[in-house]
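Let us walk through this fold, from overall make-up to the packing inside. Start by looking at the structure itself.

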Amino acid sequence: KDLISATVKMTVFLKNHETSSVYSITKDKNSVTSYDGIVIGGRKEFPLPSVEGAQWNEYPDANEIVSATDKLKLGNVKYEKCLKVLSLIAGGEAGTAVRYYAPDVGYIHEVYNAEDLQAEVTLLRVEDALSEDMEIKRTGSVAGPTEDNPEVSETAYLGYEEADIRSYRGGKKSAPKKAGKKAVK
């Protein structure tokens, strides 16, 4: 009754290659949480009520809603009254991430600046999803057609060699230490 769930299709555009992944977001009386979206395993997007100054820890990161009234322009779209969340990666020792959520839209933008990676995620469009689009398989890895796999399945589990975590057209990378899920909304 108090739990609301949504399924999201996330599409990655990187080096003229497109791949998609499906993940879920839930809202309960305490928080909005994503599962296997931009972060493998998921993360608490923000606590509820979502008020400026709210803080929470997700080891090893510390998070805070630093604004509930931010304005942001992405392309030709202007967003107002956005939540701005600051994440201190490893408590600030390894970098920062700043993400934005627009009313009635959700997650729209993130800037990620870590020791090993600088990247950006931006919402490019919102569209209605067809039910068959939400049945994408969530296993495997693909960077394009190969001799062994001439049909490209739609997954977003790419190694660091092929994409940058939270990557969006021109994210810079430097020798990351482990593989992860890459995604752009």
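Of the contacts in the protein with a separation of 6 or more, 39% link residues 24 or more positions apart. Contact here means heavy atoms within 4.5 Å. The model is predicted: local features need pLDDT of at least 70, side-chain atom pairs count only at pLDDT 80 or more, and totals for chains, interfaces and linings use all residues. Residues are numbered from 1 along each chain as its sequence is written, and side-chain values use heavy atoms, with hydrogens and water left out.

The protein has 11 strands and 0 helices. Both are DSSP runs, numbered from the N terminus: strands (E) of at least two residues, helices (H or I) of at least four.

β5 (residues 55-58) and β6 (residues 61-74) run antiparallel, joined by 4 bridges. Strands pair if DSSP finds at least two bridges between them. Gln55 has Glu64 in β6 as its bridge partner. A hairpin of 2 residues leads from β5 to β6.

Now look inside. A nonpolar core is a set of buried Ala, Val, Leu, Ile, Met, Phe, Trp, Tyr and Cys residues joined through side-chain atoms within 4.5 Å. The largest one has 15 residues, and Ile38, Phe46, Ile65 and Tyr101 have the most contacts inside it. β1 (4-14) and β7 (77-89) each supply at least two residues of this core. A second, separate core has 9 residues, including Leu74, Tyr79, Val98 and Leu123.

Note on methods:
Buried < 20%, exposed > 50% of the residue type's maximum accessible area, 1.4 Å probe, protein only.
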